[in-house]
Amino acid sequence: MNQSVLIQAIIYLASGVVFVPIAKRLGLGSVLGYLLAGIVIGPAVLGLVGDEGQDIMHFAEFGVIIMLFLVGLELEPERLWKLRMPVLGLGGLQVLLTAVLTGGLSMLTGLPWQPSLALGMILAMSSTAIVLQTLNEKGLMNTAAGQNTFAVLLFQDIAVIPILAIMPLLATYPVATETDAHAHPSLLDGLPGWLRPFAVVGAVLALVLIGRYVMGPVFRIIARTGLREVFIATALLMVAAISVLMEMVGLSPALGAFVAGVVLANSEYKHELESDIDPFKGLLLGLFFISVGAAINFDLIMENPLRVIGIVLAVMVAKALVLAGLGKWFGLQTDQNLLFSLGLCQVGEFAFVLFSFATQNGILSQEVVDLMTAVVAISMGLTPLVFLLNEKVLLPRLGTKEAVEREQDVIEEKNAVIVAGFGRYGNIVGRFLRANKIGTTVLDFDSDRVDILRKLGMKVYYGDASRYDLLKSAGAEEAKLLIIALDSPEKVLELVETAKKHFPHLKLLVRAADREDAYDLLEAGIAHVYRETVDSSLRMGVDAMTMLGFRAYPSQRAARLFLKHDEKNLAGLVAVRHDRKQYMTSARQRIRELEQLLSSDDKDRWLKDVEDGWDPETLRNEVRQMKL
């Protein structure tokens, strides 16, 4: 179907706009939404796009390159050095073992060892685009599984270089003579074999030197113009030029973009580059995934559905088993290992590039490439569903197995205060009380956190504080206060119920993550509810007022008055929280009342608490200035 660029743009953008929100609404993630959009507009369903979709895919692959540039910007060289063990060890073993296993399975189907080895190396790759985007969407990049996943994906991008070097040695079919319309002239053509490695190393060194010493001054000059669009154009030009340079010396464009990002990670323009380029990354990645969905050959799948599905499952299971074994060997907990192994079990987008290279160099037959292209596309399409299966089915049953099997600690002390939960909130409360010589018994249900805190010399006991037997052994019968600072709102309410039922004498001081949690706790009859962000927010407001010239005492008084009235409103709005219309009406009225109260208090402030109104520090500064 011959279409104008404008019509193609409308089709692709409209499909994304329709299917991505639906997929997100169903909890499937944006990646699956883009893939579904591609399937629907592709030849298999509506036929709105045809062969021109391959051209769009080549263009949209730039989104993967931009993504790796942004990943490099986030990864400072010091952090990259810290990841050297998982990158070389975990990543290297994953590629090696997966290539051997999948290559062996290919040989069992009757393929010669040369194409089997090539196929094994290609299938060892995972989808950088899908996995990193999914982990970022779910906020899992900073977990142990997220960091190890990134290390493996980074090694896979590096491994593309030796794979491309090895593949021509495995040629068994006639070499294709067609020229690739998307290929760039090579800087290595005409160079003797011994000189080519030096040319490659020279190109990488040039990239590093230009990024470190040239791009900073260039961005500085562009920034002085004050034209944001020129800055954006310069950033995109830099990424595109790096990609072309890497292709011209036979390296992965994505790897070159990643190296450039790492070099610029300490640049003063790092954050501006991120904010300016990120929208292009999201749009181009979306186009790439739509193109992948449109490229799936459903005719081939329908001819041999069991064969195709069998290969897909065999590849994904084989990769997952290798990854799970390595994850366990490298010390990942069960929940993290599930995320790590299932997240990387698909085949990646670079497989499409490597299949094209293998066909042109007579390594794989066109029949095998057509079949495996469908396999790769389906494995990528299944990835969001695998993440969903892990999150909704496997983790609730298997992810907490180790934590449940670990025995609760024997508590050897009894104090007036019990702190349940020693995370970011409970940690501060507990350390403050201990610093003031107040005995506290600390309970936490995160085994990793307990181990780390013990190594830091803190006395923390492992166990589920919502259990009656643990509270009793922690001395709840003799204690005076129970401070509840758990992360899970559900666990907080469970512990509140247990404490009120079995230890009614305890005074409960309970953390609330937000206003909705505070409503739940007030409905449960808790008198002392502490929203975790309120005090620090008001303290920042007080500092802002004093920096603007207001005196300290009136500012602090206004904050106390605001807090008092806000807590009164919180208690008053509980009764109408489930009636949205009445809730909004009541909330607006209370906001107006608070503004009027603060305004009237400001007028009457000098008539009340006159002596308390003096701000000694401000007066001292004024006296000093008068003396000068």
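Helices (H or I, at least four residues) and strands (E, at least two) are DSSP runs, numbered from the N terminus. Threonine 334 is found in helix 15 (residues 334-343). This is a predicted model, in which local features need pLDDT of at least 70 and side-chain atom pairs count only at pLDDT 80 or more, while totals for chains, interfaces and linings use all residues. Residues are numbered from 1 along each chain as its sequence is written, and side-chain values use heavy atoms, with hydrogens and water left out.

Threonine 334 has 23% relative accessibility and counts as partly exposed (buried is under 20% relative accessible area, exposed over 50%, partly exposed in between; 1.4 Å probe, protein chains only). Its C-alpha atom is separated by 7.2 Å from that of leucine 398, 64 residues away along the chain.

Rings of Phe, Tyr and Trp (its six-membered ring) pair if their centres lie within 6.5 Å; planes under 30 degrees apart count as stacked, over 60 as edge-to-face and the rest as tilted. By this rule there are four aromatic pairs, two of them tabulated here.

| Pair | Centre distance | Plane angle | Class |
|---|---|---|---|
| Phenylalanine 219 and phenylalanine 231 | 5.2 Å | 40° | tilted |
| Phenylalanine 445 and tyrosine 462 | 5.6 Å | 25° | stacked |

Phenylalanine 219 lies in helix 9 (residues 196-224) and phenylalanine 231 in helix 10 (residues 228-248), 12 residues apart. Both phenylalanine 219 and phenylalanine 231 are buried.

Phenylalanine 445 sits in the loop between strand 2 (440-444) and helix 20 (447-455), and tyrosine 462 in strand 3 (residues 461-462), so the pair ties together parts 17 residues apart in sequence. Phenylalanine 445 is partly exposed, at a relative accessible area of 37%, whereas tyrosine 462 is buried at 1% relative accessibility.
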